[in-house]
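Subject: Structure handover

Hi,

Here is the structure I promised. My notes follow below it.

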Amino acid sequence: MPSIECGTVGGGTVLEPQGAMLDLMGVRGSKDGQNAIGLAKAVAAGVLAGELSLCSALTVGALVESHMNHNRK
């Protein structure tokens with residue numbers, strides 16, 4: 001992902017739930033931008049996993065079948 005903005009300092013990071021998740025991932029604070037890079041890598045990994053799942057569902061026809069079963073035409 002060539003351009004992704006991730007913040008680990010300031011803004012919403014001072015809110016308790018957001019700060020707790022950053023702490024859980026070990027990326028809260030600056031550390032010369034290394035924490036933001038770590039967060040960006042985690043986000044990119046999650047997006048890639050979703051894309052791979054979508055591609056596999058499309059390949060085997062599960063996505064269309066699921067939508068038809070739930071009347072999402």
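Where is Thr13 found? Thr13 lies in the segment before helix H1 (16-25); helices are DSSP runs of H or I, at least four residues, and strands are runs of E, at least two, numbered from the N terminus.

First, the ground rules. This is a predicted model, in which local features need pLDDT of at least 70, side-chain atom pairs count only at pLDDT 80 or more, and totals for chains, interfaces and linings use all residues. Residues are numbered from 1 along each chain as its sequence is written, and side-chain values use heavy atoms, with hydrogens and water left out.

Back to Thr13. Its relative accessibility is 11%, so Thr13 counts as buried (under 20% relative accessible area, 1.4 Å probe, protein chains only). The Thr13 side chain reaches the backbone oxygen of Gly10 at 2.5 Å. Leaving aside residues up to four places away in sequence, Thr13 touches Gly7, Thr8, Gln18, Gly19, Leu22 and Arg28 (contact: heavy atoms within 4.5 Å).

Now the whole chain. It has three helices and zero strands. From the N terminus, the order is α-α-α. The radius of gyration is 17 Å, well over the 11 Å from the globule rule for 73 residues, so the chain is more spread out than a compact globule. That radius is taken over C-alpha atoms, and the rule is 2.2 Å times the number of residues to the power 0.38. The C-alpha atoms fill a box of roughly 45 × 25 × 20 Å along the principal axes. Buried residues make up 12% of the 73.

Best regards

Conventions
Buried means under 20% relative accessible area, exposed over 50%, partly exposed in between (1.4 Å probe, protein chains only). A polar contact is a pair of N or O atoms within 3.5 Å; within protein, one must be able to donate a hydrogen and the other to accept it, and residues adjacent in sequence count only if both atoms are side-chain atoms.
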